[in-house]
Amino acid sequence: MFSKLSAEFIGTFWLVLGGCGSAVLAAAFPAVGIGLHGVSLAFGLTVVTGAYALGPISGGHFNPAVSVGLWAGGRFPAALLLPYSLAQVLGGAAGAAVLYLIASGRADFSLAAGFASNGYGAHSPGEYSLAAGLVCEVVMTFMFLIVILGTTHKRAPVGFAGLAIGLALTLVHLISIPVTNTSVNPARSTATAVFVGGWALQQLWLFWLAPVIGAAIAGVTYKAVLEGPIEEPAVTGRTRS
């Protein structure tokens with residue numbers, strides 16, 4: 001169990017440091033900033049690399065909503081939901097702490113810029129409403145979990161799940177950064193919100209509620225509608241001489 005929780009801690013640490021770090025340190029760097037496209041890719045790359053490096057140990061969730069979705073889909077035991085979520089939140093907070101230590105080394109650094117936190121209304125990058133943020137986060141998390149459940153199914157091609165999941169997270173960010181700065185991950189949202197405080201903590205409830213709802217719906221939907229039986233080859237009883 002310790003190795004599984006350690007893997008979830010390290011994976012979520014990497015996701016926050018890599019994804020949020022790209023937004024805080026590199027997105028708007030003068031002349032060569034990576035922008036929205038680069039930040040989206042950075043989040044995807046953290047999942048791809050983390051999935052292949054740590055997935056064989058813990059399953060590579062790195063996200064409480066993913067754990068909930070896998071549980072709802074019958075792929076993960078309920079007894080591990082709390083310890084996995086705790087490891088993910090602590091790992092994310094550690095990643096944000098390292099990012100803060102790096103970012104605050106610049107003279108004009110200020111948490112008032114948002115520190116890559118998620119928000120709605122005045123704190124949405126595009127000033128989208130609470131309702132828009134809720135719908136976006138539920139639907140984006142739903143689709144993210146559908147990809148995870150599909151690519152990790154026994155009938156899926158072996159060895160490609162990490163790549164598909166990372167590309168899915170990249171796409172999710174390309175769509176939703178303007179709306180909420182993209183959460184789909186309560187641990188990632190909590191990690192930066194605890195440093196910003198104020199409005200980020202006040203709005204954090206949405207970035208727990210919406211991803212968990214979207215993930216749970218995806219798990220139930222996949223299990224009930226999409227999973228189906230695994231087709232086995234017919235047994236003929238014939239052997240070749």
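**Helices and ring pairs in a predicted model**

Mentor: Ring pairs link Y100, F109, F115 and F195 into a cluster; rings of Phe, Tyr and Trp (its six-membered ring) pair if their centres lie within 6.5 Å. This is a predicted model, in which local features need pLDDT of at least 70, side-chain atom pairs count only at pLDDT 80 or more, and totals for chains, interfaces and linings use all residues. Residues are numbered from 1 along each chain as its sequence is written, and side-chain values use heavy atoms, leaving out hydrogens and water.

Trainee: Are the planes of F76 and Y84 stacked or edge-to-face?

Mentor: Planes under 30 degrees apart count as stacked, over 60 as edge-to-face and the rest as tilted. The rings of F76 and Y84 lie 4.8 Å apart, centre to centre, with 65° between the planes. The pair is therefore edge-to-face.

Trainee: Why does the span of helix α1 agree with its number of residues?

Mentor: Helices are DSSP runs (H or I, at least four residues), numbered from the N terminus. The expected span is 1.5 Å times one less than the number of residues. Helix α1 (residues 2–26) has 25 residues and should span 36 Å, so its end C-alpha atoms agree with this at 34 Å.

Trainee: On which residue is the kink in α1 centred?

Mentor: The bend at a residue is the angle between axes fitted to the seven residues ending there and the seven starting there. In α1 the kink is about 30°.

Trainee: Which helices do the buried residues of α1 pack against?

Mentor: Buried means under 20% relative accessible area (1.4 Å probe, protein chains only), and in α1 the buried residues include L15, V16 and C20. With contact meaning heavy atoms within 4.5 Å, they pack against α2 (35–58), α4 (81–103) and α7 (186–196).

Key. Helices (H or I, at least four residues) and strands (E, at least two) are DSSP runs, numbered from the N terminus. Buried means under 20% relative accessible area, exposed over 50%, partly exposed in between (1.4 Å probe, protein chains only).
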